[in-house]
Amino acid sequence: MTSPSNRGAPVSTEPRINDRIRVPEVRLVGPNGEQVGIVRIEDALRLAQEADLDLVEVAAQARPPVCKLMDYGKFKYETAQKARESRRNQQLTVIKEQKLRPKIDPHDYQTKKGHVARFLSHGNKVKVTIMFRGREQSRPELGYRLLQKLAEDVAELGFVESNPKQDGRNMIMVLAPHKNIKPRVVKQDDDAPEADDTASEEA
């Protein structure tokens, strides 16, 4: 049974338990969910002590407050376990980046498109960046058309989440995978080709 000697503890979002419940009477629920009824707080605490359980306030806004007899330590442990399991099952979205030049040759384009398709198939978002240099900056339509073509070529795997927009000397578009594509763990060396490609583009 949880010790009732927690007076003076800092304010928290945890429910009040045992002698921290300061009301004259409560609506009591038994350990198996059975309705006991409205009882004096002294009687509720006595029942909790006799059953070697805690009196836990589960609906503080009710009048009178609803309290339940339970093993609060076990309840907290099980709640924490469920929260951890929920976090493990959450789909973590990773944003990958792929850089292209507006006058990319067909072979390089196919390679880059392959990387984008792979990232999307793994359930990751892809930030596609067109890098303009020199006079290319006066031809933003080249980058726009290239991004449109890429989006169309990978449409089976993803969609345009953020339309192409100019950002200084770059143009950026974000692709997101379709909802039926689930994220999966990608090995570290899977990203090696992207690093090599980016380096060759920036050289």
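Predicted model: local features only at pLDDT ≥ 70, side-chain atom pairs only at ≥ 80, totals over all residues.
**Exercise 1. Asn 18**

Solution. 
- Apply the cut-off: buried means under 20%.
- Asn 18 lies in the segment before strand E1 (25-29).

**Exercise 2. The buried side of H1**

Task: Find which residues of H1 are buried, and work out how they are arranged around the axis.

Solution. 
- List the buried residues in helix H1 (41-50): Ile 41, Ala 44 and Ala 48.
- Recall the helix geometry. An α-helix has 3.6 residues a turn, so residues three or four places apart point the same way.
- Ask what they pack against. The partners of the buried residues of H1 are E1, strand E2 (35-40), E3 and E4.
- Look at the opposite face. Turned away from the buried side, H1 carries the exposed residues Gln 49 and Glu 50.

**Exercise 3. Two backbone features in loops**

Task: Locate Asp 52 and Pro 64, and describe the phi of Asp 52 and the peptide bond from Arg 63 to Pro 64.

Solution. 
- Asp 52 sits in the loop between H1 and E3, just after H1.
- Its phi is positive, about 55°, although Asp 52 is not a glycine.
- Pro 64 belongs to the loop that runs between strand E3 (54-59) and strand E4 (66-70).
- The bond from Arg 63 to Pro 64 is cis. Omega there is near -5°.

**Exercise 4. H3 against H4**

Task: Describe how the axes of helix H3 (residues 106-121) and helix H4 (residues 140-153) cross, and which residues meet.

Solution. 
- Two packed helices are described by the angle between their axes and the distance between the axes.
- Take both values. The axes of H3 and H4 come within 10 Å, and they cross at roughly 55°.
- Classify the angle. That makes H3 oblique to H4.
- The crossing of H3 past H4 is right-handed.
- Name the contacts. H3 contributes Tyr 109, Lys 113 and Val 116. H4 contributes Leu 146, Lys 149, Leu 150 and Asp 153.
- The contact of H3 with H4 holds four nonpolar and three charged residues, with no polar ones.

How values were computed:
Residues numbered from 1 in each chain as written. Heavy atoms only, no water. Axes fitted to C-alpha atoms, helices over the stretch in contact; angles between N-to-C directions. Helix = DSSP H or I, 4+ residues; strand = E, 2+ residues; numbered from the N terminus. Parallel < 35°, antiparallel > 145°, perpendicular 65-115°, else oblique. Left-handed = near helix turned anticlockwise from the far one by under 90°. Contact = heavy atoms within 4.5 Å. Nonpolar A, V, L, I, M, F, W, Y, C, P; charged D, E, K, R; others polar. Buried < 20%, exposed > 50% of the residue type's maximum accessible area, 1.4 Å probe, protein only. Arc of directions from axis to C-beta.
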